[in-house]
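Have the sequence and the 3D view open as you read.

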Amino acid sequence: MGGVRKRIGTWGLATYFIIFLLFIYGPMIIMAVLSFQGRYGGITFPFRGPFQGSWWQSLVDANVPGSKADEISRSAVQSLKLSAAAGAVTSIMAFGLSMAFRRRFRGDGIAFYLIMLALMTPGFLVALGTQLFWKSISWPTAIWPTALGTNTIWGIPFGFLVMLAVWNRYDDHIEEASRDLGANQLTTFREVTLPLVWTGIFGCFLFGFTLTWNDYDRTALLLNGSEAVTLPIQIFAQTQFSAIRPDLYALGSATTGLSLLVILAALAIAMIRMKLAAKSGGPEKAAIRAEETGEVAGFKVGDAPTAAASGD
Amino acid sequence: MSSSSPTDDHLKQEQQAVALAEVEEAEQLSAQQPHSAEKALGTDISIARDRNRKASLITFLWGLPGFVWLGFFLVAPVVFIILVSFWTRTDSGFIKEWTLSNYGDIFHSHTYWMSMWKSFLTSIISVAACLVFGFPVAYFLVMKIENQRNQIALFIFALAPFWTSFLIRAVAWTYPVAGREGAINQALGGLGIISDPISALGFSELSVRVALIQLYILFMVTPLFFMLSQVDRSSLEAARDLGGNGFRVFKEVILPQTMPGVVIGSIFIFVLTMGEYGSVRVIGGGNVQSVGTLVQNRISAIQYPQGAASAVLLIAALIVGVFAITRFANLREEL
C-alpha cells in the first residue's frame, strides 16, 4: 500500500512541477505568441492572424509605420556596450577580491559582509544613493559611468561567490610546484593560475553582462537625458504609451531570447570544457605533467624569469 | 568487588609508572619541538617573515580595486542617503544645513505610512507564498528525480527565467495575462465561472502580489534545492522505518536541515520585494505605491532630502526585517 501511496505522491508532485513551470513561463510564452499576430493584432487574446513576423520586422525596419526602430537600435547598442563593460568590470573586481580572500587577512570578516551587503541592497537604493552622492560633489550622473558602477555592484558579489567556489576546488600545490621549479610569481599566475580558473572568470563576466542587460531599477534614476537609453528603459517607455502595440511584445521576446541564448552558450562552454577535461585528464593533470617534465605551457620553467622579464 | 592480590597491585603500579614516564617523555619532546623547528630553519625565519609581509601586500593589492569600487558605488551612496536625509531642501536640490524637518514631513504623511505598511505586507506575503509554493518544487527535484543529470537539467530549466528581465516578465504578466481582457479573465469567462471580467486582477495590489511571487520564487527554490540536496537520506529512511508519518518526518527531519535555505531565501525575497521599483510601476500601472515609487515621486518634485528620509526608513525596516528572520531561524534550531 505504501508503494501506491508513494507513487501517487510522486505523480502529484510532478503535476505540481509542471503547473509551476507554466506559472513561470506562461506569461512569456503568451507574450511571444501574441507578438506574431497580423496587422490588426491587439495586446490580448484572441489572436488576430495571419501568423506573421511583421511586428518583429518593425523592430529593425524604420520604414514600417509607427516603428521605433531607430530608438530601439540605439538603445540596443547602448545596452550591449554597457553590459559588456559591466561584465568586464565585474570579472576584474570579483576576481581580484576572490584572490585577496585566498589568504586570511585582518578584517576579512567585515570585508566579506561588505560584499554580501552589495548582494542584499535593493538596486533602487544603490541608484538613489549614487544620485545623491554625485549631486553632493557636483558631478552629473549619466549612464556612463554612473549606471555602469551601480550595475556592477549587483554583479560583483555573484561573481565573487562563483570564484570562491572555483578556489574551493583548486589545488594550491600546483602553484607551489611551479614556484619550486623556478617560475616567478607573475609567470606562475599567467601560465598556471589563469588557465585553470578562466571558466570561473568567464562566469563572472556572464553574471555582470546579463544582470546589466536586464536591469531597470539601477539605471532609471541616473539618466542624463542626452545619452542613448538602455533597452529596458526603452521598453519601459513603450509601456507608458497610450496605445501599446504587439511590437512591445516582440521587443520583450527578442530581449528575453538573447538572455536565454547567453545562458545556453555558457552551459555549452561549461559542458565542452568538462568533456575536454575528462578526455585529457584536465588542466590539473596537465600541470602535474608539466611539473614532471619541467615545462609550463610551452617553455621551460627554468627560463621563466628571463622570459617574463623580456616578454610583455 | 574482589580483593586484588599484592602481586597484581605491584604490576599495576609498574604499568602506571611506565605510562607516566612515557607521558613525560612525550611532553618533553613536544616542548622541544618549537626550538628544534627554529633551529632547523635558522636564519631563514627572517626571510619567511619577509615573504609573509610580501604576501600580505599582494593580498592587499588584489583586494584594493574591488574594495575601492564597492566603497565608491555602495558604501558612499548609502552614507549619503543618510546624510542628505538630515540636510535642508533648496529649489535646486539640497544644502548642508542640518535639520530634522524631513523626517517630521514624512511622519505626518498618512499616504507614506499607508504605502510603507502595504509594501511591508506585500513583502511578507511574497516571502510566505514563495516558501509554500517553492518548497514542493525543490522537494520534487531533489527527492523524486533519481537521475542526477535530469535533476540538474530540470533545475536549470526552472531557473532560466532568473536570467531574463524582471521588467519584461512584469510586462508579460500585466497586459496579456492579468488585465481586464487578459488570458485569465478570458479563461474564467469562457469556462462560465465568472460573467463579468474581474478588474482587480490587473494593475492592482492583488496583481502586484501575485506577480512578485512569479518574479521572485526562484530566489527561494534555489537555496532550498541546495539545502535539500545535502539532507542525509539515511536519516530520512531511519525516521520512516521508525514509524514517522510524512508530516512528522518533514517537520522533525527535513525542515530543521533545510532551515538555513529557508532563511537565505526569505531574506532575499523580503529585501528585494521591499525595494522593488520598476516592476511595481509596470504591474501596478500607477495605481500601486511602493516605497520605491514614493521616493521617486519626491525626487521628481525635487524634494531630495524628503526622498532620502523615506529611503532611510526603508533601510531601517530592512535591517529590522532581516534581523527578525535570522532570529526566527535561531529559535527554530534551539527548539
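The table puts some overall values for the chains together.

| Chain | Residues | Buried residues |
|---|---|---|
| chain A | 312 residues | 40% |
| chain B | 335 residues | 37% |

Now for contacts along the sequence. If you take the contacts in chain A between residues at least 6 apart, 74% of them join residues at least 24 apart. In chain B, residues 24 or more positions apart account for 69% of the contacts with a separation of 6 or more.

Chain A has a mean pLDDT of 82, with 88% of its residues at 70 or more. Within chain A, confidence is highest in α3(A), at 93, and lowest in helix α13 (residues 304-310), where the mean is 37. The pLDDT is below 50 over residues 289-312 of chain A, although that stretch still has 30 contacts in the model beyond near neighbours in sequence. Where pLDDT is low, the predicted coordinates should not be read in detail.

**Where the chains meet**

**Two helix pairs around α8 of chain B**

Two packed helices are described by the angle between their axes and the distance between the axes. Start with helix α6 (residues 166-178) and helix α8 (residues 205-229) of chain B: they pack at about 135°, with axes 10 Å apart. Angles over 145 degrees would count as roughly antiparallel and 65 to 115 as roughly perpendicular, so α6(B) is oblique to α8(B). The crossing of α6(B) past α8(B) is right-handed.

Which residues make that contact? From α6(B) come Phe166(B), Arg169(B), Ala170(B), Trp173(B) and Ala178(B), and from α8(B) come Ser207(B), Ala211(B), Gln214(B) and Leu215(B). Sorted by class, the contact of α6(B) with α8(B) has 6 nonpolar, 2 polar and 1 charged residues.

The other pair is helix α4 (residues 110-144) of chain B with α8(B), packed at an angle of about 45° with the axes 6 Å apart. These two helices, α4(B) and α8(B), are therefore oblique as well, and their crossing is right-handed. The contact of α4(B) with α8(B) is made up of 21 nonpolar, 4 polar and 3 charged residues.

**Val282(B) and its surroundings**

Next, zoom in on Val282(B), which sits in helix α11 (residues 278-284) of chain B. Is Val282(B) buried or exposed? Val282(B) counts as buried because it has 27 C-beta neighbours inside 10 Å, where 20 or more is the cut-off. Setting aside neighbours within four places in sequence, Val282(B) touches Phe236(A) and Thr239(A) from chain A, along with Leu167(B), Ala170(B), Val171(B) and Thr174(B). Trp173(B) is 109 residues away from Val282(B) along the chain, yet their C-alpha atoms are separated by 9.5 Å.

Most residues other than glycine have a negative phi, and most peptide bonds are trans. Here are some places to check against that background.

Trp144(A) and Pro145(A) are joined by a cis peptide bond, with omega at about -5°. Pro145(A) belongs to helix α6 of chain A.

Ser138(A) isn't a glycine but has a positive phi of about 60°. You'll find Ser138(A) in the loop between α5 and α6 of chain A, and it counts as exposed because it has 7 C-beta neighbours inside 10 Å.

Over in chain B, Ile302(B) also has a positive phi, about 50°, without being a glycine. Ile302(B) lies in the loop between α12 (291-300) and α13 (304-334) of chain B. With 14 C-beta neighbours inside 10 Å, Ile302(B) counts as partly exposed.

Notes. Residues numbered from 1 in each chain as written. Chains lettered and ligands numbered in written order. Predicted model: local features only at pLDDT ≥ 70, side-chain atom pairs only at ≥ 80, totals over all residues. Axes fitted to C-alpha atoms, helices over the stretch in contact; angles between N-to-C directions. Helix = DSSP H or I, 4+ residues; strand = E, 2+ residues; numbered from the N terminus. Parallel < 35°, antiparallel > 145°, perpendicular 65-115°, else oblique. Left-handed = near helix turned anticlockwise from the far one by under 90°. Contact = placed C-beta atoms within 7 Å. Nonpolar A, V, L, I, M, F, W, Y, C, P; charged D, E, K, R; others polar. Buried ≥ 20, exposed ≤ 12 C-beta atoms within 10 Å, placed from the backbone. pLDDT = per-residue confidence, 0-100.
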